[in-house]
2 protein chains.
Amino acid sequence: MLSWVDGQDATALNLQNRGLAYGDGLFETIAVRGGRPSLLARHLERLALGCQRLAIEVDLALVRNELLQFAGLLGDGVAKLILTRGDSQRGYAPMAGAPARRILQGSPLPAYPAANAEQGVRLFPCQTRLAEQPLLAGLKHLNRLEQVLARAEWQGTAFAEGLMRDGQGRVIEGVYSNLFLVRDGALLTADLGRCGVAGVMRAALLEQGAALGLPMQVRDLTLTDLEQADEVFVCNSVYGIWPVLEFAALNWPAGPLTRKLQAVARTLLDT
Amino acid sequence: MLSWVDGQDATALNLQNRGLAYGDGLFETIAVRGGRPSLLARHLERLALGCQRLAIEVDLALVRNELLQFAGLLGDGVAKLILTRGDSQRGYAPMAGAPARRILQGSPLPAYPAANAEQGVRLFPCQTRLAEQPLLAGLKHLNRLEQVLARAEWQGTAFAEGLMRDGQGRVIEGVYSNLFLVRDGALLTADLGRCGVAGVMRAALLEQGAALGLPMQVRDLTLTDLEQADEVFVCNSVYGIWPVLEFAALNWPAGPLTRKLQAVARTLLDT
């Protein structure tokens with residue numbers, strides 16, 4: 001598949017890259033359809049925020065241009081964009097003047113079972129808890145061992161996603177997705193000020209929900225909130241929305257608001 | 001400098017390596033003197049523990065042999081050993097059968113000011129807090145953004161190290177080192193069950209302290225413990241021990257137990 005480093009074809013990266021040494025960087029996973037990156041502005045917005053918070057200097061206009069060019073060549077697939085603080089000598093202190101590295105990797109659009117979107121999915125109850133780190137919360141950074149450990153907790157296809165909680169037991173997100181609850185017609189999703197990845201689709205749905213005049217709450221969520229939910233769904237920027245049918249002893253239908261927003265998400269991804 | 005991937009000369013790594021994608025791996029920073037890796041058994045022991053806890057499969061005898069060979073060629077310097085879960089397609093789930101990758105990078109022994117060991121150092125009070133993640137605590141894994149952020153908090157040479165606390169304010173460690181306190185002849189160091197890196201020199205000193213019959217406590221440490229300490233020092237497996245003279249408004253002398261253990265550490269590194 002297509003693979004670039006700093007705008008050039010490449011399949012390898014300098015061993016001294018800080019992405020490898022420390023996970024010192026950010027990434028975006030971007031659906032590409034018909035040569036166009038979906039939700040481009042939102043991906044770039046999150047990346048800009050991440051660069052600001054981690055103090056990574058990069059020409060984001062260049063990143064955008066490369067991504068557009070890459071997507072055009074990719075056609076249909078997923079473009080993974082990794083941005084690292086660049087290369088350095090040994091030691092946590094960055095090397096002055098070392099340019100950030102821009103990595104783009106193409107892969108096919110994942111072949112998820114159609115039933116995930118049509119009927120819904122089961123969530124595996126992950127034991128791996130998300131640590132509270134406000135300085136990194138919300139960012140899609142390269143320190144992802146918690147997700148690796150959580151994903152390793154289940155095998156097979158019975159569970160399409162796993163539910164992750166924080167050290168206090170709060171309900172946060174899926175391993176690959178954000179989580180929404182519907183209750184009495186209102187949309188609820190977890191506050192991500194302590195941990196979690198603030199997904200691009202989550203942000204888009206919050207905006208769409210506001211435009212639709214839905215009551216919405218971004219706040220701490222507990223297992224009790226899950227128990228009391230009328231509908232539950234997970235979302236990300238590759239597949240849009242999957243209804244959640246089951247988590248532990250709890251069950252929900254793929255309800256009307258989930259279906260409505262699923263159509264909204266599909267439109268967002270296709271335009 | 002010398003640089004190997006899987007036992008072969010290499011300066012680059014496959015872009016699909018999980019070390020880059022997720023920080024999915026471990027590392028060791030090993031002092032090499034006269035072609036011999038210092039504290040080899042302890043480094044390999046920690047690596048083995050990390051592999052076990054992260055379920056990374058690797059032939060550790062092979063790692064040991066490569067490291068010995070690499071150190072022989074390096075002569076004097078620092079060998080950084082990185083072990084990653086190997087390459088994979090997009091997604092947190094590991095690819096079945098993908099071999100772990102063994103990376104070795106050589107660098108010169110760092111030229112620390114002689115005063116660090118002889119007189120002592122000042123600790124910068126880092127605002128970056130260590131998150132509590134018992135599943136990763138103690139390991140020297142590749143998710144090191146907290147250290148990157150902490151190290152970026154100060155510039156210049158007034159501070160040779162920074163002190164890191166956890167989200168509850170407990171005193172944990174240095175950015176590059178572990179911390180010991182001396183009080184009434186007893187040796188105190190932080191419990192690393194929630195966060196922190198369990199350093200190889202820390203382990204060696206705890207063992208040496210036991211052999212010397214010193215009273216020792218591994219427990220949660222607070223700022224009050226720092227205030228009440230008679231001596232404070234930091235340690236790692238490259239420089240051994242540096243006395244700590246100052247942190248915030250607190251001051252300590254480079255005391256007798258610190259000096260005694262400094263000599264012990266030097267011997268450990270040289271043999």
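Guide: A polar contact here is a pair of N or O atoms within 3.5 Å, where one must be able to donate a hydrogen and the other to accept it. With that in hand, the interface of domain 1 of chain A and domain 2 of chain A shows 11 residue pairs in polar contact, both partners at pLDDT 80 or more. Keep in mind that this is a predicted model.

Visitor: Which elements give two or more residues to the side of domain 1 of chain A that touches domain 2 of chain A?

Guide: They are α1 (18-22), β4 (25-33), α2 (40-54) and β6 (77-84) of chain A. β4(A) gives the most, with seven residues. By class, that side of domain 1 has eight nonpolar, eight polar and six charged residues.

Visitor: What makes Arg33(A) and Asp270(A) a salt bridge?

Guide: The cut-off is 4 Å from a side-chain nitrogen of Lys or Arg to a carboxyl oxygen of Asp or Glu. Arg33(A) and Asp270(A) come in at 3.8 Å, N to O, so the pair passes. The rule finds two salt bridges across this domain interface.

Visitor: How many Å separate the centres of domain 1 of chain A and domain 2 of chain A?

Guide: The centres, taken over C-alpha atoms, are 25 Å apart. The contact takes 22 residues from domain 1 and 24 residues from domain 2 of chain A. About 1,800 Å² is buried between the two domains, with 61% of that given by carbon and sulfur atoms. On the domain 1 side, Phe27(A), Arg42(A) and Arg46(A) lose the most area, together 35% of what that side buries.

Visitor: What makes β4(A) and β6(A) a pair?

Guide: At least two bridges are needed for two strands to pair. β4(A) and β6(A) have eight, in the antiparallel sense, so they qualify. Phe27(A), for one, stands opposite Ile82(A) in β6(A).

Visitor: Why are β2 and β5 of chain A called edge strands?

Guide: Look at the order of the open sheet of six strands in chain A: β2-β1-β7-β6-β4-β5, with antiparallel pairing. β2 (8-9) and β5 (36-37) of chain A each pair on one side only.

Visitor: What does the salt bridge of Arg101(B) with Asp6(B) look like?

Guide: The closest N and O atoms of Arg101(B) and Asp6(B) are 2.7 Å apart. Arg101(B) sits in strand β7 of chain B and Asp6(B) in the loop between β1 (3-5) and β2 of chain B, so the pair ties together parts that are 95 residues apart in sequence. Over all chains, the structure holds 30 salt bridges.

Visitor: How many salt bridges are there between chain B and chain A?

Guide: The count is zero. Polar contacts are another matter: 17 residue pairs between chain B and chain A, both partners at pLDDT 80 or more. The two chains bury about 4,200 Å² between them, 66% of it on carbon and sulfur atoms. Leu15(B), Arg90(B) and Tyr92(B) supply 21% of the area that chain B buries against chain A, more than any other three residues.

Visitor: How do you know that β3 of chain A and β3(B) pair?

Guide: Same test, at least two bridges. Strand β3 (residues 12-14) of chain A and β3(B) have three, running antiparallel, so the two strands count as paired. Leu13(A) stands opposite Leu13(B).

Definitions and conventions
Residues are numbered from 1 along each chain as its sequence is written. Chains are lettered from A and ligands numbered from 1 in the order in which they are written. This is a predicted model: local features need pLDDT of at least 70, side-chain atom pairs count only at pLDDT 80 or more; totals for chains, interfaces and linings use all residues. Side-chain values use heavy atoms; hydrogens and water are left out. Domain bounds come from an automatic or database domain assignment. Contact means heavy atoms within 4.5 Å. Buried area is the accessible area (1.4 Å probe) that two parts lose on being put together, summed over both. A polar contact is a pair of N or O atoms within 3.5 Å; within protein, one must be able to donate a hydrogen and the other to accept it, and residues adjacent in sequence count only if both atoms are side-chain atoms. Helices (H or I, at least four residues) and strands (E, at least two) are DSSP runs, numbered from the N terminus. Ala, Val, Leu, Ile, Met, Phe, Trp, Tyr, Cys and Pro count as nonpolar, Asp, Glu, Lys and Arg as charged, and the others, Gly among them, as polar.
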